[in-house]
Amino acid sequence: MNKKIICISLISAAVLLFIISFLLLPDVVAMQIQFNGQLGNYMPKYIALVIPLIIELIGTLAYYKENNNKYLVIAVVGIIMAVITLVMNI
């Protein structure tokens with residue numbers, strides 16, 4: 001598949017997840033599940049949503065420049081982090 005299409009798809013998915021999470025999640029978001037199943041380690045929504053977005057953008061841009069699959073994995077990890085944050089807090 002074309003590298004440009006992959007990068008545009010990853011960035012679009014990350015931005016879409018950011019917007020959906022921003023609209024659905026409360027102002028304080030849980031970032032950890034403790035051993036007893038309770039949510040713990042809370043942080044403000046803005047920080048919790050920006051961190052995976054930045055990780056994904058850095059991974060995608062590095063993949064676009066260097067065409068190395070390890071950067072593609074970093075971009076996918078950023079998207080997975082955003083999905084887990086969304087699912088955990090709904």
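Q: What share of the 90 residues in the chain is buried?
A: Buried residues make up 32% of the 90 in this predicted model. The label requires a relative accessible area under 20%.

Q: Which elements make up the secondary structure of the chain, and in what pattern do they follow along the sequence?
A: There are three helices and two strands. Along the sequence they run α-β-β-α-α.

Q: What are the overall spans and the accessible surface of the chain?
A: The C-alpha trace spans about 45 × 25 × 20 Å along its principal axes. The accessible surface comes to about 5,900 Å². Carbon and sulfur atoms hold 70% of that surface.

Q: How many of the contacts with a separation of 6 or more join residues 24 or more positions apart?
A: The share is 58%. A pair counts as a contact when heavy atoms lie within 4.5 Å.

Q: What makes β1 and β2 a pair?
A: Pairing requires at least two bridges between the strands. β1 and β2 have five bridges, so they count as paired. The sense is antiparallel.

Q: What lies between β1 and β2 in the hairpin?
A: Five residues separate the two strands. Gly37 sits in the turn, with a positive phi of about 90°. Gln34 is also in the loop between β1 and β2.

Q: Why is Gln34 called partly exposed?
A: Its relative accessible area is 37%. Buried means under 20% and exposed means over 50%, so 37% falls in between. Beyond four places in sequence, Gln34 touches Leu39 and Gly40.

Q: How do you know that the length of α3 agrees with its number of residues?
A: At 1.5 Å a residue, the 21 residues of α3 should span 30 Å. The expected span uses one less than the number of residues. The end C-alpha atoms of α3 are 31 Å apart, so the two values agree. Asn69 and Asn89 are 20 residues apart in sequence, and their C-alpha atoms are 31 Å apart in space.

Q: Which residues of α3 are buried, and what do they pack against?
A: The buried residues include Tyr71, Ala75, Gly78 and Ile79. Ala82, Thr85, Leu86, Met88 and Asn89 are buried too. The buried residues of α3 pack against α1, β1, β2 and α2.

Q: Why does Asn89 count as buried?
A: Asn89 has 15% relative accessibility. The cut-off is under 20%, so Asn89 is buried. Asn89 lies in helix α3. Leaving aside neighbours within four places, Asn89 contacts Leu25, Pro26, Val29, Ala30 and Leu39.

Q: What is the phi of Asn67, and where is Asn67 found?
A: Phi of Asn67 is near 55°, a positive value in a residue other than glycine. Most residues other than glycine have a negative phi. Asn67 is found in the loop between α2 (45-66) and α3 (69-89).

Q: Why is Asn67 called partly exposed?
A: Asn67 has a relative accessible area of 48%. Exposed means over 50% and buried means under 20%, so Asn67 is partly exposed.

Q: What is the nearest side chain of opposite charge to Lys45, and how far away is it?
A: Asp27 is the nearest, 4.0 Å away. Lys45 is buried, yet has no salt bridge. Lys45 is found in helix α2. Beyond four places in sequence, its contacts are Ser21, Phe22, Leu25, Pro26, Asp27 and Val29.

Methods:
Residues numbered from 1 in each chain as written. Predicted model: local features only at pLDDT ≥ 70, side-chain atom pairs only at ≥ 80, totals over all residues. Heavy atoms only, no water. Helix = DSSP H or I, 4+ residues; strand = E, 2+ residues; numbered from the N terminus. Buried < 20%, exposed > 50% of the residue type's maximum accessible area, 1.4 Å probe, protein only. Areas by Shrake-Rupley, 256 points an atom, 1.4 Å probe, with all protein chains shown as cover. Lys, Arg positive; Asp, Glu negative; His and termini not counted.
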